[in-house]
Amino acid sequence: MTTLRIAGGKVLLPDATVERGDVLVDRDDGDVLAVGDTPEGDERLDAKDCLVMPGLVNAHTHAAMTLLRGYADDKPLDAWLREDIWPVEGALTAEDVRAGTELALAEMIRSGTTGFADMYFHEPEVVAAVEAAGLRARLGHGVVTVGKDDAAAREDFETSLDFAREYDGAADGRVSTFVAPHSLTTVGDEYLREYVPKAREAGVPLHYHANETEDEVAPIVEAEDERPLERARDLGMTAANDFVAHGVHVDETEIELLADSDTSVVHCPASNMKLASGMAPVEAMLDAGVSVGLGTDGAASNNDLDMFDEMRDAAMLGKLAADDASAVDAASVVEMATAGSAAALGFDGGRIEPGANADLAVVDLSAAHLTPHHDLVSHLAYAARGSDVRHTICDGTILMRDREILTLDEGSVRKRAEERAEAAVERATE
Ligand SMILES: [Zn+2]
């Protein structure tokens, strides 16, 4: 066994308290061995004037959408997708997705994100990028059946199932999978009835967009006289490991249904604000015992993958939604972005304690905007930025040391993404 000791700093513990102490990591099996007063390690990573926190987990994104960052803004969801996003996505090749994903991974590592969920296409490219960059991920091929003939719809679902079966457990277990019907309005019921049981047989969870906008909820309520998540439950889509993105327009019945079925919700506050989708009732969901994680959604609707931004947005929007300044407090959003997201994705991490995954972010506290140190949990939620992260560790491996990414050549990743993004837009608009 070789060990790594992250030494000389403070540590954020699972009960949201902070103590001075070190973290000893088993580099071979990737777990935390000891916290506090630990023995020496084979290697030492300096954490002086730093806070060691669980690595952030971005529980809903479309990583390669970094290629579309800043391409189209300031439009409602439906028009934005149809007029701008889908045409360019239709022109993306496997190589483009690889380049966009690598750009996303560089951004994640730089801002202390060690794990994420990705719903996109050409997912084997995402596996390869994750394997090389060293993060942890739950990945799935997104299925859309509306506007497709039967053969094409089936092929899309088969691709999602085949991917989920083949790659679950890849990258030494750092990659797990899900089956991803895009949403309840973009996938036909007949296909859900047929393929959801197949996902169960494959032993993988489902991940889908749910109740993101009013426009998505109203047609289901009108046609079926039931709420979207009731329909999802009837289709067998609310099992304990399933996780839905957004949950903006959920009523009390649906909140209860989510809590009872232990289906997690991934809150994406920045995307919801930017697309004016609405305010998710996060405080009500937390009060009801719903497991809530946090995600950025794609970079085109955010427009970055910085989970520190997301924590602040979640706290601010949560207070506004509840009309209560005490709602969605600092500790709640830190918990959402770490343990909550990790639980939604089935990762054994999101907390620093012996036996948990050694997925860690080391935040430099010496900046002017993080002074003084009355309450470090408050700083993580309200004042820290992704650029304050000094070291990033995943599965016991150092991915970034002193702001230098060790697992990716960041310069060439940025250059390739820039070229590929420009060429894809040219192909889509010519
Ligand atoms: Zn999304």
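Me: Is Ala-171 buried or exposed?
Reply: This model is predicted. Ala-171 sits in the loop between helix 4 and strand 11 (175-177). Its relative accessibility is 6%. Buried means under 20%, so Ala-171 counts as buried.

Me: What is the phi of Ala-171?
Reply: Ala-171 is a residue other than glycine, yet its phi is positive. The value is near 55°.

Me: Which loop holds His-122, and what is its phi?
Reply: His-122 is in the loop between strand 9 (113-120) and helix 3 (123-133). At 31% relative accessibility, His-122 counts as partly exposed. Its phi is positive, in a residue other than glycine. The value is near 50°.

Me: What is the angle between the planes of Tyr-120 and Phe-121?
Reply: The whole structure holds 4 aromatic pairs. Tyr-120 and Phe-121 form one that is stacked, 4.3 Å centre to centre. Tyr-120 is buried, at 5% relative accessible area, whereas Phe-121 is partly exposed at 22%. The angle between their planes is 20°.

Me: How many residues apart in sequence are the parts tied together by Phe-157 and Tyr-195?
Reply: These two rings form a stacked pair, with centres 4.6 Å apart and planes at 5°. Both Phe-157 and Tyr-195 are buried. Phe-157 lies in helix 4 (residues 150-167) and Tyr-195 in helix 5 (residues 189-202), so the pair ties together parts whose separation in sequence is 38 residues.

Me: Which strands stand at the edges of the open sheet of 4 strands?
Reply: The strand order is 13-14-15-16, with parallel pairing. From one strand to the next the twist averages 30°.

Me: At what angle does helix 11 run to strand 16?
Reply: Helix 11 (residues 307-322) lies across two strands of the sheet, strand 15 (264-267) and strand 16. Its angle to strand 16 is about 130°.

Me: Which peptide bond near Asn-303 is cis?
Reply: Asn-303 is in the loop between strand 16 and helix 11. Omega is near 10° for the cis bond. That bond runs from Asn-302 to Asn-303.

Me: What is omega for the cis peptide bond that joins Thr-371 and Pro-372?
Reply: Pro-372 is in the loop between strand 17 (360-364) and helix 13 (376-382). The cis bond joins it to Thr-371. Omega is about 0°.

Me: Which residues does Ala-270 touch, not counting those up to four places away in sequence?
Reply: Ala-270 lies in helix 9 (residues 269-274). At 7% relative accessibility, Ala-270 counts as buried. Its contacts are Ser-301, Asn-302, Glu-310 and Asp-313.

Methods. Residues are numbered from 1 along each chain as its sequence is written. This is a predicted model: local features need pLDDT of at least 70, side-chain atom pairs count only at pLDDT 80 or more; totals for chains, interfaces and linings use all residues. Side-chain values use heavy atoms; hydrogens and water are left out. Two strands pair if DSSP finds at least two bridges between them. Axes are lines fitted to C-alpha atoms, for helices over the stretch in contact, and angles run from 0 to 180 degrees between N-to-C directions. Contact means heavy atoms within 4.5 Å. Buried means under 20% relative accessible area, exposed over 50%, partly exposed in between (1.4 Å probe, protein chains only). Rings of Phe, Tyr and Trp (its six-membered ring) pair if their centres lie within 6.5 Å; planes under 30 degrees apart count as stacked, over 60 as edge-to-face and the rest as tilted.
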